[in-house]
Amino acid sequence: MKFNIINKIAFGLFICLIFSCKSNQLSAKKSPVLLDIIKEKDSNAFVNLKNYSNDFVFEMKYATADNFLKEKVYPCEECFLRVKTVKALLEANKSFLDKGFKIKLYDCYRPKSIQKKMWKIVPDANFVANPKKGSIHNRGGAVDISLVDLNGKELDMGTKFDFFGKEAAHDYLNLSDTILANRKFLKEIMLQHNFKSFDSEWWHYNLNGSNKDEVSNQKWKCEN
């Protein structure tokens, strides 16, 4: 009798262990499920990139005063983009991850009201897009990015983000071989995944065709 009870207890523990392992496996496979969800969404809808991957690094500069405006203009550090932009960005980041790197984001979608705020601080089209026309950031199709290795160390791109001198341009070649290789690496992978570069800013990439989307003023709620 005692032997049967012990066997039943052992069998019960064994079954619990199996289900526990299965539960852990399911929770570890959240990303494909989220990708299935995003595939079903309207490609022009806005979503928060942070809800679809943990494999990006975020340093949203305009949610701080550490930017060329010297002023915080975003209420919090969120990264909203249109679904089609997120899809392309997820695929690009997968290519970088396969090579031991990941995308670091400085800016994503920018509501038109924020664009107006930025224009009021710096009313110069050389630095800020005129809100009357709007930028690709206002359309949810632009990202400002760099790369980090899997230890979080940022690759040397020659200038800081939002440096507006000639040294930030893609055709500026008076840089070290390492810097030129890093910029080329970033650009090649992004171009392979339906993005195009912006000539004067090594960090800025637009999703192809996103210039045809409407300027938006959708705002996001800040997560506490």
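**View 1. Glutamate 59 pairs with lysine 61 in a salt bridge, their closest N and O atoms 2.8 Å apart.** A salt bridge here is a side-chain nitrogen of Lys or Arg within 4 Å of a carboxyl oxygen of Asp or Glu. The model is predicted: local features need pLDDT of at least 70 and side-chain atom pairs pLDDT 80 or more, while totals for chains, interfaces and linings use all residues. Residues are numbered from 1 along each chain as its sequence is written, and side-chain values use heavy atoms, without hydrogens and water. Glutamate 59 is partly exposed at 28% relative accessible area, whereas lysine 61 is buried at 11% (buried, under 20%; exposed, over 50%; partly exposed, in between; 1.4 Å probe, protein chains only).

**View 2. Lysine 104 and glutamate 59 form a salt bridge (2.5 Å, N to O).** Lysine 104 is in strand β4 and glutamate 59 in the loop between β2 (57–58) and β3, so the pair ties together parts 45 residues apart in sequence. Strands (E, at least two residues) and helices (H or I, at least four) are DSSP runs, numbered from the N terminus.

**View 3. Aspartate 213 and arginine 82 meet in a salt bridge (3.9 Å, N to O).** Aspartate 213 lies in the segment after β7 and arginine 82 in strand β3, 131 residues apart. Aspartate 213 is buried, at 14% relative accessible area; arginine 82 is also buried, at 8%.

**View 4. The buried residues of helix α4 (residues 112–121) are Ile114, Gln115 and Met118.** They fall within an arc of 105° seen down the axis, so they line one face of the helix. The arc is taken from the directions from the helix axis to the C-beta atoms.
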